Amino acid sequence: MAPPTELPARPERGSAPGFRAMGRLVAVGLLGIALALLGERLLALRNRLKASREVESVDLPNCHLIKGIEAGSEDIDILPSGLAFFSAGLKFPGLHSFAPDKPGGILMMDLKEEKPRARELRISRGFDLASFNPHGISTFIDNDDTVYLFVVNHPEFKNTVEIFKFEEAENSLLHLKTVKHELLPSVNDITAVGPAHFYATNDHYFSDPFLKYLETYLNLHWANVVYYSPNEVKVVAEGFDSANGINISPDNKYIYVADVLAHEIHVLEKHPNMNLTQLKVLELDTLVDNLSIDPSSGDIWVGCHPNGQKLFVYDPNNPPSSEVLRIQNILSEKPTVTTVYANNGSVLQGSSVASVYDGKLLIGTLYHRALYCEL
């Protein structure tokens with residue numbers, strides 16, 4: 001009988017040099033893939049921010065800075081009577097502020113005056129003025145000529161929509177209602193379509209600052225547009241990189257939405273049930289912020305950021321630039337896009353809105369000054 005064959009001893013798992021080398025190769029490979037993905041995302045973000053873009057100046061001859069606006073005028077809305085409302089003093093994580101300890105406010109200017117001045121409106125008692133942090137605004141005139149002012153507010157960096165009644169005789173705002181809703185986690189701008197009804201943009205899906213940053217960095221396209229009424233709240237458009245400015249056409253048939261990091265303006269058709277369907281997208285070469293509509297022509301005026309990186313990495317020696325576009329016939333096959341104003345930041349830093357009234361142009365900014373021009 002043959003002696004039994006001895007089997008060789010099995011090496012302990014992972015103890016052989018080959019296994020260790022393979023593990024190191026896998027780890028290095030995974031690290032390389034992760035770094036490559038991070039690098040690609042960073043490069044993509046720089047492209048979305050137009051981080052290398054500079055502007056050539058386009059000047060307007062009859063302009064001056066508006067006295068009394070020193071720390072931003074992020075949005076502007078003008079009534080048919082020529083009264084212009086400004087949201088002033090926005091503070092936001094990652095944004096510079098020239099008045100970090102001063103609460104925001106609503107200013108008003110009468111454009112029918114020969115030398116209009118900006119005045120801060122009083123707000124009724126009971127409203128928390130200390131934490132007022134206004135962002136996008138919109139006005140609505142009811143059938144009885146009551147003027148409502150809707151204000152996106154970020155008290156303590158939360159998200160609400162405040163509804164005020166404008167009392168012109170007293171130059172004041174009467175606070176009527178605070179709107180909070182789970183579908184409004186990161187509200188940026190608003191367009192009112194009734195006394196308590198509006199469309200609003202969420203520039204992010206999340207409300208947490210870190211998750212917002214991650215969402216932007218990964219380019220998730222989860223931003224959306226929400227319709228709000230006392231009886232119904234719903235998402236009516238989605239898939240935006242970062243939904244920003246919003247407005248409505250003079251005939252109330254179309255909603256315009258600016259996707260700031262995608263450099264696009266979306267044209268959406270409004271239906272009787274308030275749902276929206278996309279008709280077209282206009283691609284631009286700049287970061288589009290707030291949208292204002294000329295009620296007489298239907299032209300869209302856009303406050304833009306030629307270089308978004310300069311907004312968030314503030315350098316007083318190389319400040320963010322400003323740009324204003326006028327878009328004519330946006331529903332046509334070839335809309336006309338005109339650069340009306342551009343500045344390298346030497347006069348106006350970080351333009352976020354441009355509104356016109358009777359040959360006058362107002363240009364507001366995220367956190368800097370505001371410009372009054374006669375066209």
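Biologist: How many bridges join strand E7 to strand E8 (residues 147-153)?
Modeller: This is a predicted model. In it, E7 and E8 run antiparallel. The number of bridges joining E7 to E8 is 6.

Biologist: Which residue in E8 is the bridge partner of Pro134?
Modeller: Strand E7 covers 134-141, which places Pro134 in E7. Across in E8, the bridge partner of Pro134 is Asn153.

Biologist: What is the order of the open sheet of 5 strands?
Modeller: The pairing in this open sheet is mixed. Its edge strands, E6 (122-123) and E7 (134-141), each pair on one side only.

Biologist: How many salt bridges does the structure hold?
Modeller: One of them pairs Lys50 with Asp285. Another pairs Asp299 with Arg326. The total for the structure is 10.

Biologist: How many residues apart are Lys50 and Asp285?
Modeller: The closest N and O atoms of this salt bridge are 2.5 Å apart. The pair links distant parts of the chain. Lys50 sits in the loop between helix H1 (17-48) and strand E1 (63-65), and Asp285 in the loop between strand E18 (276-283) and strand E19 (287-293).

Biologist: Is Lys50 buried or exposed?
Modeller: The cut-off for buried is under 20% relative accessible area. Lys50 has 19% relative accessibility, so Lys50 counts as buried.

Biologist: What is the relative accessible area of Asp285?
Modeller: Partly exposed covers the range between the buried limit of 20% and the exposed limit of 50%. Asp285 is partly exposed because its relative accessible area is 45%.

Biologist: How far apart are the closest N and O atoms of the Arg53 and Asp285 salt bridge?
Modeller: Arg53 lies in the loop between H1 and E1, 232 residues from Asp285. A salt bridge needs the nitrogen within 4 Å of the carboxyl oxygen. The closest N and O atoms of Arg53 and Asp285 meet that limit, at 3.9 Å.

Biologist: Which strand holds Arg326, the salt bridge partner of Asp299?
Modeller: The closest N and O atoms of Asp299 and Arg326 are 2.8 Å apart. Asp299 is buried at 6%, while Arg326 is partly exposed at 28%. Asp299 sits in the loop between E19 and strand E20 (300-305). Arg326, 27 residues away, is in strand E21.

Biologist: Which residues do salt bridges that share partners join into one network?
Modeller: Asp285 forms a salt bridge with Lys50 and another with Arg53. Shared partners give one network: Lys50, Arg53, Asp285 and Glu323.

Biologist: What is the relative accessible area of Asp75?
Modeller: Asp75 is found in strand E2 (residues 73-78). Beyond its neighbours within four places in sequence, Asp75 contacts residues including Phe85, Ile137, Asp189 and Asn290. Asp75 is buried, with a relative accessible area of 3%.

Biologist: In which strand does Asn188 lie?
Modeller: Asn188 counts as buried, at 4% relative accessibility. Its contacts beyond four places in sequence include His135, Gly136, Val152 and Asn244. The strand, covering residues 187-194, is E11.

Key: Residues numbered from 1 in each chain as written. Predicted model: local features only at pLDDT ≥ 70, side-chain atom pairs only at ≥ 80, totals over all residues. Heavy atoms only, no water. Salt bridge = Lys/Arg side-chain N within 4 Å of Asp/Glu carboxyl O. Helix = DSSP H or I, 4+ residues; strand = E, 2+ residues; numbered from the N terminus. Buried < 20%, exposed > 50% of the residue type's maximum accessible area, 1.4 Å probe, protein only. Pairing = 2+ DSSP bridges. Contact = heavy atoms within 4.5 Å.
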